[in-house]
Amino acid sequence: MKPYGLNELRKMYLDFFESKGHLVMPSFSLVPQNDKSLLLINAGMAPLKPYFTGQEVPPRKRVATCQKCIRTGDIENVGHTARHGTFFEMLGNFSFGDYFKHEAIAWSWEFLTEVLEIPADRLYPSVYEEDDEAFEIWEKEVGIAPERIFRFGKADNFWEHGAGPCGPCSEIYFDRGEKYGCGKPDCTVGCDCDRYIEIWNNVFTQFEGDGHGGYTELENKNIDTGMGLERLATVMQDVDSIFDVDTIRHLREEVCRIAGVEYGKDQKTDVSIRVITDHIRSVTFMVSDGVTMSNEGRGYVLRRLLRRAARHGRLLGIEGTFLADLSQVVIDDSKSGYPDLEARREYIQKVISVEEDNFSHTINQGLMMLDYAMNIMREKGMTELPGDKAFRLNDTYGFPLDLIMEILQDNGFSVDERGFDIEMDKQRRTAREARKETNYMGADATVYQEIDPSIGSKFVGYDNLEYTSPITVLTTKDDLVDELKSGEKGTIIVDETPFYGTMGGQVGDTGVIETKAGVFRVDETIHLQGTKIGHVGEVIDGIIRVGDEAKLKVNENNRSLIACNHTATHILQESLRRVLGKHVEQKGSYVDSERLRFDFTHFSPMTEDEIRQVEEMVNDQIQRALLVFTEEMTMEEAKKTGAMALFGEKYGEKVRVVFVEGFSIELCGGTHVKNSKDITAFKIVSESGIASGVRRIEALTSVGLIKYLNRHYDMVQKVAGHLKSAPAEIDVKVAHLQEEIKTLQKENEKL
């Protein structure tokens with residue numbers, strides 16, 4: 001077998017399934033989109049769930065991906081074994097109601113035996129014990145001898161997760177040879193030893209399960225194939241573990257070089273080497289996908305991985321920070337498959353450097369405190385660290401509970417987790433507001449999920465503020481209906497709409513929808529699953545019915561003011577990058593008719609001089625009357641222009657690029673002014689920190705800025721009147737009053 005590298009295998013797999021009519025889609029972000037059930041993407045099929053459930057229509061019935069994944073469920077084992085890792089890539093080919101078992105099985109065998117040229121006599125398929133169809137395909141169509149096909153029960157070869165789509169699996173095992181075996185005479189496929197390893201898993205989603213053992217046949221059957229890229233590379237390169245695969249080995253060797261140690265000589269040292277090697281891969285990809293350090297959610301996972309790696313660097317004797325340098329090795333080795341890594345190289349290095357530097361300031365003191373606590377416990381014969389002590393280490397020195405537990409466990413101690421939780425709850429009760437996910441229909445939005453997924457809406461509002469289109473769907477808060485009467489609230493969906501739905505930080509349009517029989521006031525426009533656009537509001541006259549021809553009228557003034565603020569955010573981002581540095585990346589925005597809010601990566605408060613420079617630069621572009629125009633192009637073409645893209649944003653084959661002539665280029669689906677002079681002027685009203693390494697600017701333009709200046713002018717006039725002073729002399733008058741107050745205070749003290 002040829003020892004293909006990790007990057008070669010990824011390309012070979014995707015090219016093979018592209019030749020079989022599959023749409024090759026780039027890896028989705030590690031941050032799940034519209035899926036509250038996941039913290040991070042942990043499987044190849046996870047981002048495609050809406051296609052499997054029928055909530056969205058896939059771009060093609062055949063899709064292939066190489067999906068980056070993070071799993072931290074068994075993080076404690078990472079490093080202690082050569083098998084476990086938190087970051088991995090999952091190869092997958094998927095069918096949404098198209099091909100099924102015959103093609104899936106045939107292609108898996110063809111790829112392994114003909115493309116990779118793995119000897120057929122080292123491969124063994126397995127099937128679900130009741131799946132005679134799959135057994136016959138392997139035997140009669142592929143030509144595998146019956147004794148080489150293994151039948152396994154539900155625990156091994158049936159995929160289901162509660163109620164919902166499910167089905168049998170057919171896996172392919174590779175025989176690594178006797179040297180990896182247990183030596184037992186009955187050692188074969190299914191043995192617990194490392195000789196026979198699964199390298200391919202075909203999941204045949206053919207049933208709807210009720211969660212209680214009842215199954216009904218699905219009308220549209222799906223294929224979900226998964227194969228771990230690192231595991232496949234382990235087989236092809238005939239190495240012992242994922243840490244010996246080419247690119248990962250290169251990273252592992254760099255860890256050893258920095259630490260001045262040799263891999264394979266000491267078990268304790270090897271644990272630390274593997275922890276750092278694995279964790280820096282996860283950290284690099286998570287930061288690239290826009291995850292930021294925090295004490296909650298996925299930000300906590302990121303911080304925990306980085307700090308665990310930093311601690312193991314200390315155990316290896318590495319002095320100072322080193323993880324940012326290692327991240328550059330990850331980027332160099334993986335950028336061919338993930339070009340975003342190269343595009344965000346400077347940002348990744350900056351984020352990791354700042355967090356590691358912050359942690360290094362406290363880790364020594366924290367470790368001293370923990371050592372002191374363990375010495376006290378030894379003297380007193382205690383085996384458990386009190387919860388309040390653990391909380392102080394967490395709160396004051398930034399030690400995650402998991403890291404505290406790991407250090408204690410290495411020294412034969414445990415921690416009072418319940419006591420820790422009590423202290424944490426006390427802090428959260430006063431410092432943290434309950435998070436609420438809300439929209440018009442509430443958190444579940446069940447009525448929207450009942451809409452036929454084949455129904456969609458086309459946005460035609462870039463060039464139209466009025467448009468006529470038939471009504472396809474009407475809903476109330478709870479039900480799909482055929483009509484809405486005067487005074488009733490609901491949602492209207494049409495074929496084509498000039499109304500922009502809330503997306504990319506820009507709020508949706510408002511306006512009216514008129515039919516011959518009624519008038520509907522649009523208070524909000526939202527994007528729903530698939531390509532549906534919902535017009536949310538109330539019937540203010542007559543009756544609105546499904547099938548009615550509707551005239552949709554966008555509030556032109558409102559749209560114009562939103563466009564001013566949206567284009568200003570583009571000019572603002574480029575100005576920030578020029579003043580503060582290329583590490584600035586957009587982390588979120590909010591744009592409506594009154595104001596704009598822009599969140600960005602930066603690691604210290606902006607100085608007054610920096611704020612002034614940014615303001616002046618933005619206003620300079622406004623006064624230069626730059627043309628603002630858009631072009632549609634492929635993602636590859638957009639990258640060549642240098643266009644900036646949003647973290648984690650899901651882009652199609654064609655993208656819309658917004659140019660502010662000679663100044664900024666961004667991927668954006670929003671609405672914009674035609675010329676920068678339309679913005680009138682720009683003013684930053686606040687700059688603040690909202691998270692670790694994330695700053696927020698709030699600013700005003702156009703009419704919003706004029707209203708703001710008028711309010712301040714009125715206030716200045718009132719203050720000047722109270723002080724009996726001219727407005728221009730207020731500061732002098734206030735200074736005199738302050739001096740007078742100080743003098744009077746001193747006289748009072750003497751008296």
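These are numbered notes on the predicted model shown above.

1. **Overall make-up.** The chain holds 21 helices and 28 strands. Its radius of gyration is 30 Å, close to the 27 Å from the globule rule for 751 residues, so the chain is as compact as a globular protein of that length. Along the principal axes, the C-alpha atoms fill a box of roughly 105 × 80 × 50 Å.

2. Of the 751 residues, 50% are buried. Take the contacts with a separation of 6 or more: 69% of them join residues 24 or more positions apart.

3. **Surface and charge.** The accessible surface comes to about 35800 Å². Carbon and sulfur atoms own 47% of that surface. The chain carries 90 positive and 125 negative charges.

4. **Salt bridges: the count and a partly exposed pair.** The structure holds 39 salt bridges. One of them joins the side chains of E160 and K154, at 3.7 Å from N to O. How accessible are the two partners? E160 has 33% relative accessibility and counts as partly exposed. K154, at 35%, is also partly exposed.

5. **The R311–E406 bridge.** R311 and E406 form a salt bridge, with 3.5 Å between the closest N and O atoms. This pair links distant parts of the chain. R311 sits in helix 9 (residues 297-315), and E406 sits in helix 14 (residues 401-410). The two are 95 residues apart.

6. **The R696–D599 bridge.** Here the side chains of R696 and D599 meet at 2.7 Å, N to O. D599 has a relative accessible area of 8%, below the 20% cut-off, so D599 counts as buried.

7. **L385, a buried strand residue.** L385 lies in strand 10 (residues 384-385). Its relative accessible area is 1%, so L385 is buried. Which residues does L385 contact, leaving aside neighbours within four places in sequence? They are L370, A373, M377, A390, L393, I404, L408, S414, V415 and D416. Separately, L385 and G419 are 34 residues apart in sequence, and their C-alpha atoms are 9.7 Å apart.

8. **D495, between two strands.** D495 is in the loop between strand 16 (489-494) and strand 17 (496-497). With 35% relative accessibility, D495 is partly exposed. Residues up to four places away in sequence aside, D495 touches G456, S457, K458, S469, P470 and T472. For K477, the C-alpha to C-alpha distance from D495 is 21 Å, at 18 residues apart in sequence.

9. **Y713, on a helix.** Y713 is placed in helix 20 (residues 702-723). Its relative accessible area is 52%, over the 50% cut-off, so Y713 counts as exposed. Y713 and D731 are 18 residues apart along the chain, and 15 Å separates their C-alpha atoms.

10. **Positive phi at T680.** Most residues other than glycine have a negative phi. T680 has a positive value, near 75 degrees, and is not glycine. T680 is in the loop between strand 26 (664-667) and strand 27 (682-691). Its relative accessible area of 41% makes T680 partly exposed.

11. **Positive phi at S702.** S702 is another residue other than glycine with a positive phi, near 50 degrees. Where is S702 found? Its place is in helix 20. Buried or exposed? S702 has 11% relative accessibility, so S702 counts as buried.

Note on methods
Residues are numbered from 1 along each chain as its sequence is written. This is a predicted model: local features need pLDDT of at least 70, side-chain atom pairs count only at pLDDT 80 or more; totals for chains, interfaces and linings use all residues. Side-chain values use heavy atoms; hydrogens and water are left out. Helices (H or I, at least four residues) and strands (E, at least two) are DSSP runs, numbered from the N terminus. The radius of gyration is taken over C-alpha atoms; the globule rule is 2.2 Å times the number of residues to the power 0.38. Buried means under 20% relative accessible area, exposed over 50%, partly exposed in between (1.4 Å probe, protein chains only). Contact means heavy atoms within 4.5 Å. Accessible areas come from the Shrake-Rupley method with a 1.4 Å probe; for residues, only the protein chains shown count as cover. Lys and Arg count as positive and Asp and Glu as negative; His and the chain ends are not counted. The place of a charge is taken as NZ of Lys, CZ of Arg, CG of Asp or CD of Glu. A salt bridge is a side-chain nitrogen of Lys or Arg within 4 Å of a carboxyl oxygen of Asp or Glu.
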